[in-house]
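Please keep the sequence and the structure at hand while reading.

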Amino acid sequence: SLNDAVQASLRLIGTQLASRKIELHLALDEALPDVEGHPRQMEQVLINLLANGRDAVEGQAEKKIWIATYKRDGQAVLEVRDSGCGIEAADVARVFDPFFTTKGAEQGTGLGLSISHAIVREHGGEIRCESRAGAGAVFRVELPLGSDLSEGVDR
């Protein structure tokens, strides 16, 4: 369950978000069918995305992160959106490259999104980034539904 992975991830990183006064908005589709995969790996993807969102909103007047799950085109979708500083257009294509980071060396290794990309691909899915400088970022994970679990209403 992607929703369970979201809740488990928030148990781990939620205190950090709250202590930094980051508003968290959840829109989880309770009827979302399960996906086939390793729950802890999906939690790792979420923690990486939430940590990046946390860092992106630091210093912004509006500190918000939105997490949504829904079904679309026969896939389970997980979306993490932030109100942060955004990503330069030239960098969006590189965000999943190993060791690529726009953060200082003391803030990260540039491996979180690369690892997340590998995990999602191993689960038969795709992860994409949409952003522009000054307008926040959206990371969208699309995963195939479990083999017997594709009923439900598309969004």
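**Cys-129 and strand β5**

Cys-129 stands opposite Phe-139 in β5, where helices (H or I, at least four residues) and strands (E, at least two) are DSSP runs numbered from the N terminus. The model is predicted: local features need pLDDT of at least 70, side-chain atom pairs count only at pLDDT 80 or more, and totals for chains, interfaces and linings use all residues. Residues are numbered from 1 along each chain as its sequence is written, and side-chain values use heavy atoms, with hydrogens and water left out.

**Overall make-up**

- The protein contains four helices and five strands, which follow one another from the N terminus as α-β-α-β-β-α-α-β-β.
- Of the 155 residues in the protein, 46% are buried; buried means under 20% relative accessible area, exposed over 50%, and partly exposed in between (1.4 Å probe, protein chains only).
- The accessible surface of the protein is about 8,200 Å², and carbon and sulfur atoms hold 48% of this surface; the areas come from the Shrake-Rupley method with a 1.4 Å probe, and for residues only the protein chains shown count as cover.
- Among contacts in the protein with a separation of 6 or more, 70% join residues 24 or more positions apart; contact means heavy atoms within 4.5 Å.

**The sheet**

- Strands of a sheet pair through backbone hydrogen bonds, either parallel or antiparallel.
- Five strands make up an open sheet of mixed pairing, in the order β1-β2-β3-β5-β4; two strands pair if DSSP finds at least two bridges between them.
- The edge strands, β1 (23-28) and β4, each pair on one side only.
- From one strand to the next, the twist averages 15°; axes are lines fitted to C-alpha atoms, for helices over the stretch in contact, and angles run from 0 to 180 degrees between N-to-C directions.
- Helix α1 (residues 2-19) packs on the sheet and touches β1, β2 (64-72), β3 and β5, with its direction at about 175° to that of β1.
- Helix α2 (residues 39-57) also packs on the sheet, where it touches β2, β3, β4 and β5, and its direction makes about 25° with that of β3.

**Strand β5 and its partners**

- Seven of the eight residues of β5 (residues 137-144) are buried.
- β5 pairs with β3 (residues 75-82) in the antiparallel sense over eight bridges, and Arg-81 stands opposite Val-138 in β5.
- β5 also pairs with β4 (residues 126-131) in the antiparallel sense, over six bridges; Arg-140 in β5 is the bridge partner of Arg-128.
- β4 and β5 form a hairpin with five residues between them, and Gly-134 in the turn has a positive phi of about 85°.

- Leaving aside neighbours within four places in sequence, Val-95 is in contact with Ile-87, Phe-100, Leu-113, Cys-129 and Phe-139.
- Cys-129 is buried because its relative accessible area is 13%, whereas Cys-85 counts as partly exposed at 40% relative accessibility.
- The structure has zero disulfides, a disulfide being a pair of cysteine sulfur atoms within 2.5 Å.
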